[in-house]
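Me: Hi! I have a structure open and would like to talk it through with you. Could you help me find my way around?

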Amino acid sequence: LQAILSSLENKEFQKIKKQLRKNQYLITRHIIKKVVESLYNTYLQKIEIVRKDNELLIFTGDGFLDNFFLSTSYSYNYGVIFISKKFKVGVDIEKIKPYKYPSFLKYFSDNENRFIKRSAHSLMAFLKIWTLKECLHKMKSSKQENLVETISNSEFIIGKDKISCKIGRTKSQLMFGQISSKDHIISYCIN
């Protein structure tokens, strides 16, 4: 798969230390390039991807082609790639397993903490909120804002059929969703 990387992508790839992260990088690039190849009828080897925050700039040998919004997340042997042409996106996947999460709760709102404490499955309640905050951070991601700021400044209200969010004192107009299996939970947001 490394043969599909442009020289710029290959330089970025060489900086990655861990083999698991290298594999994730290669597979993500391959999938994105296959999507671009089919959408624009171009050759895989001609496609170069430049990532700027959570936006992808797509180039071919002929110059700039298009841009997409992208979010990725990995957990153990699973990965999620969320690509959009029109909207900023964020995605997060987490394994459902015991976490030492109480240290994170100081960054959660009183309402979020009550939701977790009152839940029959407090770990799952924590993961629902945590993954939503992570995907919000990935969607908003810029070098200026760190994860702690996003976690502290957002409040999620999870209902039976609806997820809403306040950022600061303002109710968000973002769209949120969640999918879970027996061992993973995926959250996403769309602006």
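Predicted model: local features only at pLDDT ≥ 70, side-chain atom pairs only at ≥ 80, totals over all residues.

Me: Good to know. So what does Ser75 stand opposite in β4?
Reply: Its opposite number in β4 is Tyr78. Ser75 itself sits in strand β3, and β3 pairs with β4 in the antiparallel sense over 7 bridges.

Me: What is the strand order in that open sheet of 4 strands?
Reply: The order is β1-β2-β3-β4, with antiparallel pairing. The edge strands are β1 (48–52) and β4, each pairing on one side only. On average, neighbouring strands here are turned by 35 degrees against each other, direction ignored.

Me: And which strands does α2 lie across?
Reply: α2 lies across β1, β2 (55–60), β3 and β4, and runs at about 140 degrees to β3.

Me: Okay, new topic: charges. How many salt bridges are there?
Reply: The count comes to 8 salt bridges. One of them joins the side chains of Glu37 and Lys34, at 3.0 Å from N to O. Both residues lie in helix α2 (residues 19–40), 3 residues apart, which is about one turn of the helix. Lys34 is partly exposed, with a relative accessible area of 40%.

Me: What does Lys85 form a salt bridge with?
Reply: With Asp66, the closest N and O atoms being 2.5 Å apart. This pair links distant parts of the chain: Lys85 is in the loop between β4 (78–84) and β5 (89–95), Asp66 is in strand β3 (residues 63–75), and they are 19 residues apart. Lys85 is partly exposed at 39% relative accessible area, whereas Asp66 is buried at 11%.

Me: Nice. And where are Lys138 and Asp92, the pair that links distant parts of the chain?
Reply: Lys138 is in helix α4 and Asp92 is in strand β5, 46 residues apart. Their side chains meet in a salt bridge at 3.4 Å, N to O. Asp92 is buried, with a relative accessible area of 2%.

Me: Which residues are linked in a network of salt bridges?
Reply: Those are Glu9, Glu12, Arg29 and Lys33. Arg29 is in helix α2 and counts as buried because its relative accessibility is 3%.

Me: Let's switch to the nonpolar side. Which residues in the largest core touch the most other members?
Reply: Phe108, Ile116, Phe126, Leu136, Phe156 and Phe176 do, out of 22 residues in that core. At least two core residues come from each of α4 (122–140), β6 (154–158), β7 (163–167) and β10 (184–190). α4 gives the most, with 9 residues.

Me: What does Phe156 touch?
Reply: Leaving out residues up to four places away in sequence, Phe156 touches Glu112, Leu132, Lys133, Leu136, Ile163, Ser164, Cys165 and Phe176. There is also a second, separate core of 8 residues, and it includes Ile32, Ile49, Ile58 and Leu70.

Me: Last one, the open sheet of 3 strands. What order do they come in?
Reply: They run β5-β10-β9, with antiparallel pairing. β5 and β9 (175–180) stand at the edges with a single partner strand each, so one side of each is left without a neighbour in the sheet. Neighbouring strands of this sheet are turned by 15 degrees against each other on average, direction ignored.

Me: How many bridges do β9 and β10 pair over?
Reply: They pair over 6 bridges, in the antiparallel sense. As an example, Ser180 has Ile185 in β10 as its bridge partner. α4 packs on this sheet too, touching β5, β9 and β10, and its direction makes about 145 degrees with that of β5.

Me: Great, thanks for the tour!

How values were computed. Residues numbered from 1 in each chain as written. Heavy atoms only, no water. Core = buried A, V, L, I, M, F, W, Y, C linked by side-chain atoms within 4.5 Å. Buried < 20%, exposed > 50% of the residue type's maximum accessible area, 1.4 Å probe, protein only. Contact = heavy atoms within 4.5 Å. Salt bridge = Lys/Arg side-chain N within 4 Å of Asp/Glu carboxyl O. Pairing = 2+ DSSP bridges. Axes fitted to C-alpha atoms, helices over the stretch in contact; angles between N-to-C directions.
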